[in-house]
Amino acid sequence: MSGVIIAMLKTAPGSTPTLSASATPTSISGYSSGYGTCQSFEPAVASVSGGSPAYTYLWSKVSGDPDITIQSPTSYYTYFTALLTSGDSATTVFKCTVTDAASTVVDTNTITVTLVSLVFDFGGGGGIIIP
């Protein structure tokens, strides 16, 4: 066979592949119109490989605005919401901590969530203003 490479990865008998996890997408946004609850357009999703199934998940804030909340903090995926007044915005960084059945713990990469409450200005110029 010319030009073909076949590779196989084996783990030692009785060993478990190393637990790893990542979160996607790395940037999430959401908008609301005026005062009210603003929700992210898409969920953050934690993907896991290796380790010993079953896995538990715990989303947490790393830094940023305390107004953004995690909707499903113990799920592998979650949306984010914030109660914002017209013209406000909030940005927060999150991560997910994954624990496997053997109590091995790993954190995902961080994701940044930005939620914005749009301002509608129909007097004078008309239109939408994004803060």
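I first placed aspartate 100, which sits in the loop between β9 (89-99) and β10 (105-107); strands here are DSSP runs of E with at least two residues, numbered from the N terminus. I am working with a predicted model, in which local features need pLDDT of at least 70, side-chain atom pairs count only at pLDDT 80 or more, and totals for chains, interfaces and linings use all residues. Residues are numbered from 1 along each chain as its sequence is written, and side-chain values use heavy atoms, with hydrogens and water left out.

Is aspartate 100 buried or exposed? I found aspartate 100 buried (under 20% relative accessible area, with a 1.4 Å probe and protein chains only). Aspartate 100 has no salt bridge (a side-chain nitrogen of Lys or Arg within 4 Å of a carboxyl oxygen of Asp or Glu), and the nearest side chain of opposite charge, lysine 95, is 16 Å away.

I then looked for its surroundings: a polar atom of the aspartate 100 side chain lies 2.9 Å from the backbone nitrogen of serine 52. Beyond neighbours within four places in sequence, aspartate 100 is in contact with Leu19, Gly51, Ser52, Ala54 and Tyr55 (heavy atoms within 4.5 Å).

Turning to the strands, I noted that β9 and β10 pair in the antiparallel sense over three bridges (pairing needs at least two DSSP bridges), and that valine 98 has valine 106 as its bridge partner in β10. In this hairpin, with five residues between the strands, serine 103 takes a positive phi near 65°. β9 also pairs with strand β5 (residues 56-64), antiparallel over eight bridges, where tyrosine 57 is partnered by valine 98.

Methods:
Helix = DSSP H or I, 4+ residues; strand = E, 2+ residues; numbered from the N terminus. Buried < 20%, exposed > 50% of the residue type's maximum accessible area, 1.4 Å probe, protein only. Lys, Arg positive; Asp, Glu negative; His and termini not counted. Polar contact = N/O pair within 3.5 Å; in protein donor to acceptor, adjacent residues only side chain to side chain.
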